[in-house]
Amino acid sequence: MLVREILRIKGHTLFTTAPTGLALDAVKAMAQHDIGSLVVMEHGRLAGMLTFREVLEALARRDGVLGDVSVDAIYERNPLTAAPDLEVMELRGAMLERHARYVPVMDGGTLMGVVSFHDVAKAVYEEQSFENRMLKNYIKNWPDE
């Protein structure tokens, strides 16, 4: 299965923020949309990712108060990215290695969407379940000799 297939199933909805925005506003958007990350866009290009991990680290450093902290002060500038033609199992390995929960999918310089570790796990589970059902059906219908 390819990463583009996950995007096709889940959709291409993107939630973004600018690096100049307030981190508190970004957190409110994440809570409102029940998402764990925002794509940080600057001048129409991917600048990085803001996830709950960076928010929690900022809160820990600031005794639980974000105040007027900007997104620019806390976001991940070098996120793991994936090409749409990448095999899902390869992406899963890279996500585990980098501890990445959210990965922007880039087709050249174009942002196509974001896949989460949950999306990847679900795709792998569904693919393996399908293969399992096919194998069981094959064995069940094995000709008697």
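**Aromatic pair**

Guide: The structure holds 1 aromatic pair. Rings of Phe, Tyr and Trp (its six-membered ring) pair if their centres lie within 6.5 Å; planes under 30 degrees apart count as stacked, over 60 as edge-to-face and the rest as tilted. This is a predicted model, in which local features need pLDDT of at least 70 and side-chain atom pairs count only at pLDDT 80 or more, while totals for chains, interfaces and linings use all residues. Residues are numbered from 1 along each chain as its sequence is written, and side-chain values use heavy atoms, with hydrogens and water left out.

Visitor: Why is the pair of phenylalanine 52 and tyrosine 102 classed as it is?

Guide: The ring centres of phenylalanine 52 and tyrosine 102 are 6.2 Å apart and their planes stand at 90°, so the pair is edge-to-face. Helices (H or I, at least four residues) and strands (E, at least two) are DSSP runs, numbered from the N terminus. The pair joins distant parts of the chain, with phenylalanine 52 in helix α3 (residues 52-61) and tyrosine 102 in strand β4 (residues 102-107), 50 residues apart.

Visitor: Is phenylalanine 52 buried, partly exposed or exposed?

Guide: Buried means under 20% relative accessible area, exposed over 50%, and partly exposed in between (1.4 Å probe, protein chains only). With 32% relative accessibility, phenylalanine 52 is partly exposed.

Visitor: Which residue lies over the face of tyrosine 75?

Guide: A charge sits over a ring if NZ of Lys or CZ of Arg is within 6 Å of the ring centre and within 35 degrees of the ring normal. Here arginine 77 lies over the face of tyrosine 75, at 4.3 Å from the ring centre.

Visitor: How is the pairing of β2 and β3 read, and in which sense does it run?

Guide: Two strands pair if DSSP finds at least two bridges between them. Strands β2 and β3 pair in the antiparallel sense over 6 bridges; methionine 41 has leucine 46 in β3 as its bridge partner. Their hairpin has 2 residues between the strands, and histidine 43 there takes a positive phi near 55°. In strand β3 (residues 45-51), 5 of the 7 residues are buried, so the strand is largely enclosed by the rest of the structure.

Visitor: Where is aspartate 34 placed?

Guide: Aspartate 34 is in the loop between α2 (23-33) and β2 (37-42). Its phi is near 55°, a positive value in a residue other than glycine, and aspartate 34 is exposed at 71% relative accessible area. Aspartate 63, in the loop between α3 and α4 (88-98), has a positive phi near 50° and is exposed at 74% relative accessibility.

Visitor: How much space lies in the largest pocket?

Guide: On a 1 Å grid over the protein atoms alone, a pocket is an open set of points with protein on both sides within 12 Å along at least five of seven lines, where a 1.4 Å probe fits; lining residues have an atom within 4 Å of a point. Grid points are joined across faces, edges and corners, and a volume is the space filled by probe spheres set on the points. The largest pocket holds about 280 Å³ of space. Of its 14 lining residues, Lys10, Thr13, Phe15, Ile35 and Val114 are the closest to its centre.

Visitor: Which element gives the most to the lining of the largest pocket?

Guide: Strand β2 gives the most, with 3 residues.
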